[in-house]
Amino acid sequence: MQLNKNSKRMKRILTCLLIACISSFSFAQTANEIAQFSQIYNLGTARSIGMNGAAGALHSEYGAININPASLATFQNGLLMLSPAMNMNDNKSDYQGQSTSDSRTNFILTGAGIVYSFENGNKSSAFSRFNVSFGYNYNNSFNGYYAVLGNVQDKNQSYAQNLISTYPSIYAPFNNGGQLSANYQMPVSQAEKLTTSGFSADYTLSFATTYMDKILMGASASIGNLTYERRSFFVEDDASNTYKTSDQFDNFTSGIGFNFRLGVVYIPIDNLNIGIAAQSPTFYSLNAENNEFVIPDGQTRIELTNEKFSYKLRTPWRFTLSASYNFTSIATISFDYEAITNNFTLIDGDFNNMSQQVSENFRTLNQTISNDFKLAMNVRLGGEVRISNAFIRAGVAYIGAPNKTISDSFSGSLGAGYRFGDASIDAAYRYMGISEEYQLYNTSPTVKSSIANHLIALTFSYRF
């Protein structure tokens, strides 16, 4: 596109239009990102990962506390725990018949914590034990890389046509009555690189006690932090390589939140634990910054001032029913059923003091949440076999999708451990596959993305 770079009038038109609403890439958060911010994978320890998170009613398991704080009451000794891990994502994107892929690896700390156990000195009391724990829990990784390549045959799906329809003056040189002129040759080639990074985690203080050694009760409170960064770069070229449009958009989001959990575990017979727990929404206060510049003609760079804004996010409620049975210290089987009220998610803030683009985006997101987010069911099943001081573990899980554009997924895990007196070391591997669909801009064809996540964790524990 041959725009006159020295045309002050054209630059004023471009600047005013772009600052008013900019392009289709300019947004605050997407529905899939809000869904990600709400996800909790209960990573905990290598023992619970090896049993695929089916840990809500496990005996003396630190990972169980993050699901049902009443499980803390099963500890009869103190515990120190540290759990480093390696997280790997293999990403594949399909767009217009072309596939691109990439792999990224990062090191994380899935958990670290300490447990203290106190016996009640009053032997006649029905409350025989009081336990307390404090720990760090890693909830979700946002690290990912997406590369998209493809050719668009339909002029109405091109990014240039999208801009003409919305902002006619931007592409005036080849705007033919609201349609691309014949000079803009099809097909157009498109490419996008999207990188995301960050995580959510929390610091949790938990209390638990036992009543008549049959009913275990617990409560916990957490302060969570969330850090997220998204960087995208998009470019479109027509078939003649004459007209080129590019768009770069960066979003940085961070903040803190709080939540609480309540739980009960009932022991009707020896070796059988049945638990029920509720986790409140996490109430986040988030600060975000958007950065964007566009080169609508391949030459003229329009840079926008940073836009900073704050908002509040309420994540779903989570309700968990758990059961575990220990076969006389030879084997353990554990089961969790979890319901997540994703449609309860809400974005709130002082929309009147935000830009029109951001406030409209958040209002649209709340409507999307109401229409597309749904009650999700997670089912986790795990088992453990003990051979002397060695343990072998496995688990499977079904993870219900939070909304209509993300698919339900399945995961499988394997693990092993060994005890050295009061110390133990555990290792686990978990595989999980996720797929989702999204659009590069509001008239683009659909991108289908699949993620294969591999998690390898080690946990070092010491009982005292």
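In the residue classes used for the linings below, Ala, Val, Leu, Ile, Met, Phe, Trp, Tyr, Cys and Pro count as nonpolar, Asp, Glu, Lys and Arg as charged, and the others, Gly among them, as polar. Please keep in mind while looking at these views that this is a predicted model.

**Figure 1. The second largest cavity, with about 100 Å³ of space.** The lining of this cavity is made up of 17 residues, and those closest to the centre are Phe-37, Ile-40, Asn-139, Thr-282 and Tyr-284. Strand 7 makes the largest contribution to the lining of the second largest cavity, with three residues. Sorted by class, ten residues around the second largest cavity are polar, five are nonpolar and two are charged.

**Figure 2. The largest cavity, of about 200 Å³.** In total, the structure contains four cavities of 30 Å³ or more. Around the largest cavity sit 22 lining residues, and Ile-40, Tyr-41, Arg-380, Ile-399 and Arg-430 lie nearest its centre. Two or more lining residues each come from helix 3 (46-50), strand 15, strand 17, strand 18 and strand 20. Strand 17 has the largest share here, three residues. The lining of the largest cavity is split into nine nonpolar, nine polar and four charged residues.

**Figure 3. Helix 2 and the largest nonpolar core.** Which members of this core touch the most other members? They are Phe-37, Tyr-311, Leu-313, Ile-347 and Phe-362, out of 23 residues in the core. At least two core residues are supplied by each of helix 2 (31-38), strand 8 (215-237), strand 11 (283-295), strand 13 (307-314) and helix 6 (356-372). Apart from this core lies another, of 20 residues, which includes Tyr-146, Leu-163, Ile-164 and Tyr-184. Helix 2 itself is mostly covered, with seven of its eight residues buried. Those seven are Ala-31, Asn-32, Glu-33, Ile-34, Ala-35, Phe-37 and Ser-38. Leaving aside residues up to four places away in sequence, Phe-37 touches Gln-29, Phe-142, Leu-226, Tyr-228, Tyr-284, Tyr-311, Leu-313 and Thr-315.

**Figure 4. Helix 5 (residues 159-166), a mostly covered helix.** Six of the eight residues in helix 5 are buried: Tyr-159, Ala-160, Gln-161, Asn-162, Leu-163 and Ile-164. What do the buried residues of helix 5 pack against? Their partners are strand 5 (175-176), strand 6 (179-180), strand 7 (188-211), strand 8 and strand 9 (244-266).

**Figure 5. Arg-261, a buried residue of strand 9.** Is Arg-261 buried or exposed? Its relative accessible area is 2%, so Arg-261 is buried, as the limit for that label is under 20%. A polar atom of the Arg-261 side chain lies 2.9 Å from the backbone oxygen of Asn-66. The Arg-261 side chain also makes a polar contact with the side chain of Ser-222, at 3.5 Å. Not counting residues up to four places away in sequence, Arg-261 touches a list of residues that includes Ile-65, Ile-67, Pro-69, Asp-202, Thr-204, Ala-278 and Gln-279.

**Figure 6. Ser-128, a partly exposed loop residue.** Ser-128 is located in the loop that joins strand 2 (98-119) and strand 3 (129-141). Ser-128 counts as partly exposed because its relative accessibility is 27%, and that label covers values between 20% and 50%. With residues up to four places away in sequence left out, Ser-128 touches Phe-118, Glu-119, Asn-120, Thr-210 and Asp-213. With Asp-213 there is a polar contact between side chains, at 2.9 Å. Ala-73 is 55 residues from Ser-128 along the chain, and their C-alpha atoms are separated by 9.9 Å.

**Figure 7. The second largest pocket, with a volume of about 920 Å³.** Of its 41 lining residues, Leu-58, His-59, Ser-60, Thr-74 and Asn-326 are the closest to the centre. Several strands supply at least two lining residues each, among them strand 1 (79-95), strand 10 (272-279), strand 14 (318-327) and strand 15 (331-341). Strand 21 gives the largest share of this pocket's lining, three residues. By class, the lining of the second largest pocket holds 16 polar, 13 charged and twelve nonpolar residues.

Key:
Residues numbered from 1 in each chain as written. Predicted model: local features only at pLDDT ≥ 70, side-chain atom pairs only at ≥ 80, totals over all residues. Heavy atoms only, no water. Core = buried A, V, L, I, M, F, W, Y, C linked by side-chain atoms within 4.5 Å. Buried < 20%, exposed > 50% of the residue type's maximum accessible area, 1.4 Å probe, protein only. Helix = DSSP H or I, 4+ residues; strand = E, 2+ residues; numbered from the N terminus. Contact = heavy atoms within 4.5 Å. 1 Å grid on protein atoms, 1.4 Å probe; cavity = no way out; pocket = protein on both sides within 12 Å on 5 of 7 lines; lining within 4 Å. Points joined across faces, edges and corners; volume = space filled by probe spheres on them. Polar contact = N/O pair within 3.5 Å; in protein donor to acceptor, adjacent residues only side chain to side chain.
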